[in-house]
Amino acid sequence: MVTSILPLRASDLKVRKSRRLLLDGVSLSLSGTGTTIVLGPNGAGKSTLLKTLHGMERLAGGDIQWALPDKQARDRQAFVFQTPILMRRTVLENVAYPLRLNGTSRKDAFRIATDWLNRVHLGKALNQRATDLSGGERQKMALVRALIRDPEVLFLDEPCANLDGRATREIEDLLQEVHAAGTRLIMATHDLGQARRLAHDVIFMHKGALLEQTPATTFFENPMTAQAQAFLNGDIVE
Amino acid sequence: MSDIFEGLRAAFWLIFTLDADLIEISLRSLYVTTSAVLIASFIGLPLGCWLALRRFRYRRTVIAILNALMGLPPVVVGLIVYLLLSRSGPFGVFGLLFTPTAMIIAQVIILTPLIASIAHQAIRDLWAEYHDLLISLNTSRFQRMGTLLWDGRRALLTASLAGFGRGIGEVGAIMIVGGNIDHVTRVLTTAIALETGKGDFALALGLGFVLIFLAIVVNLAIHRVSGTEVRGRW
């Protein structure tokens with residue numbers, strides 16, 4: 001009996017918006033382990049790829065297949081956005097929200113959310129408005145909210161883009177913990193240092209196309225395409 | 001100028017002596033408008049939310065019509081409800097004409113588009129804010145509506161209060177369908193119209209001040225109960 005939503009197979013994905021092709025024939029497969037980092041310059045299609053795999057973008061072509069039916073697969077994924085989406089609720093209510101959707105009682109949802117928030121040192125902010133949190137705290141709250149349903153696959157769209165070094169470190173530590181606990185991470189970033197620290201394999205995107213999908217060591221030591229090489233060298237990628 | 005002072009004096013006197021007629025028509029005003037606002041909110045708030053969430057072919061047209069209906073002339077609504085409820089009309093058998101129920105029906109028709117339209121605008125903004133999160137969490141349409149209505153409750157309260165403001169001051173429709181019958185359908189606005197017609201400007205003004213006072217008290221009470229403006233921009 002299949003119990004995992006992985007592996008994921010995507011073939012010839014096309015996403016179009018306002019006549020512009022944001023994803024142009026992307027094919028990939030993701031196995032059950034590791035952390036995949038999606039790299040590429042601005043406008044390469046990193047965020048679009050993550051959102052498409054997560055089922056948030058309408059396909060203009062191609063096919064996505066999880067090992068389980070779509071509904072079950074969706075319920076076992078979560079997404080962390082670059083800019084945290086804060087509900088007009090307290091921190092505790094924000095984090096408990098996904099559990100309440102699942103029918104978990106308010107008491108149990110709050111207990112689990114409190115445990116998670118204590119774990120990321122937000123225990124003192126339980127009853128604060130989410131909007132009162134700092135940038136790093138907001139992202140930690142969003143991450144915890146994504147993790148509270150214990151997803152098998154976690155998509156992260158540049159979660160540390162606007163954070164300072166310390167907040168980035170905290171997020172990365174939490175991601176390492178989550179990964180060690182068995183969650184499959186797929187994260188877009190343009191921070192090469194972060195990619196080196198976290199990646200087991202790398203997807204390199206450019207102009208809506210997937211140019212490389214290789215193990216991290218191979219990518220960083222011996223990139224196959226000129227664009228990837230230029231990106232790693234810090235040159236402008238044409 | 002003396003009429004205004006006379007009006008203020010009359011208002012003070014009516015309130016101070018707990019004038020029985022004043023209390024009766026004030027309570028009837030509150031009963032009619034509060035009932036209408038509750039019913040119109042029950043219809044208008046989910047309707048506004050649904051319009052913000054749903055995409056369908058003539059959505060823009062429907063929203064434009066809804067916005068246009070915010071300016072429905074009360075007299076026309078009163079006339080149509082009168083014709084519907086009159087003995088020869090399709091609902092004449094219920095005998096509702098010249099009753100507070102008829103006044104409530106007319107006000108529901110006037111208030112629903114207003115409440116739905118304001119609710120639509122409020123929920124549309126909130127939906128833009130929450131869209132990605134709610135889609136990502138794989139929420140059902142029902143869950144989305146519930147979340148948006150709950151998290152947008154303060155803006156929606158404003159929609160209902162706008163409805164209350166329009167309803168409590170409305171005279172055209174309720175005059176036609178209620179008939180301004182003493183001890184039956186007379187409310188503050190129709191009483192003001194009557195006293196003005198009789199030339200008793202002081203009493204009319206006094207009633208007017210009571211009406212304004214009532215509207216302010218109800219608004220303050222609702223804001224107080226719901227904690228609006230206490231918890232920041234929520």
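1. In what order do the 6 strands of the open sheet with mixed pairing lie in chain A? The order is β5-β6-β7-β3-β8-β9. Strands here are DSSP runs of E of at least two residues, helices are runs of H or I of at least four residues, and both are numbered from the N terminus. Two strands pair if DSSP finds at least two bridges between them.

2. Before going on, a word on the source. This is a predicted model, in which local features need pLDDT of at least 70 and side-chain atom pairs count only at pLDDT 80 or more, while totals for chains, interfaces and linings use all residues. Residues are numbered from 1 along each chain as its sequence is written, and chains are lettered from A and ligands numbered from 1 in the order in which they are written.

3. Back to the sheet of 6 strands. β5 (77–80) and β9 (209–215) of chain A are its edge strands, each with a single partner, so one side of each has no neighbour in the sheet. Strand β8 (residues 201–206) of chain A runs antiparallel to β9(A), and 6 bridges join them. To find your way along this pair, look at Ile203(A), whose bridge partner in β9(A) is Gln213(A).

4. Chain A also has an open sheet of 3 strands, ordered β2-β1-β4, with antiparallel pairing. The edges are β2 (20–30) and β4 (61–65) of chain A; each has a single partner strand, so one side of each is left without a neighbour. Strand β1 (residues 8–17) of chain A pairs with β2(A) over 8 bridges, and Ala10(A) has Leu28(A) as its bridge partner in β2(A).

5. Leu6(A) and Pro7(A) are joined by a cis peptide bond, with omega about 10 degrees, and Pro7(A) sits in the segment before β1. Asp12(A), within strand β1 of chain A, has a positive phi near 50 degrees. Most residues other than glycine have a negative phi, and most peptide bonds are trans.

6. As a whole, chain A has 9 helices and 9 strands. Its radius of gyration (over C-alpha atoms) is 18 Å, close to the 18 Å that the globule rule (2.2 Å times the number of residues to the power 0.38) gives for 238 residues, so chain A is as compact as a globular protein of that length.

7. Where does chain A meet chain B? 13 residues of chain A are in contact with 12 residues of chain B, contact meaning C-beta atoms, placed from the backbone, within 7 Å. On the chain A side, α2 (70–75) and α3 (91–101) are the elements that give two or more residues.

8. In chain B, helix α5 (residues 100–136) has a kink of about 60 degrees centred on Tyr130(B); the bend is the angle between axes fitted to the seven residues ending there and the seven starting there. After α5(B) comes Asn138(B), with a positive phi near 60 degrees.

Note on methods: Contact = placed C-beta atoms within 7 Å.
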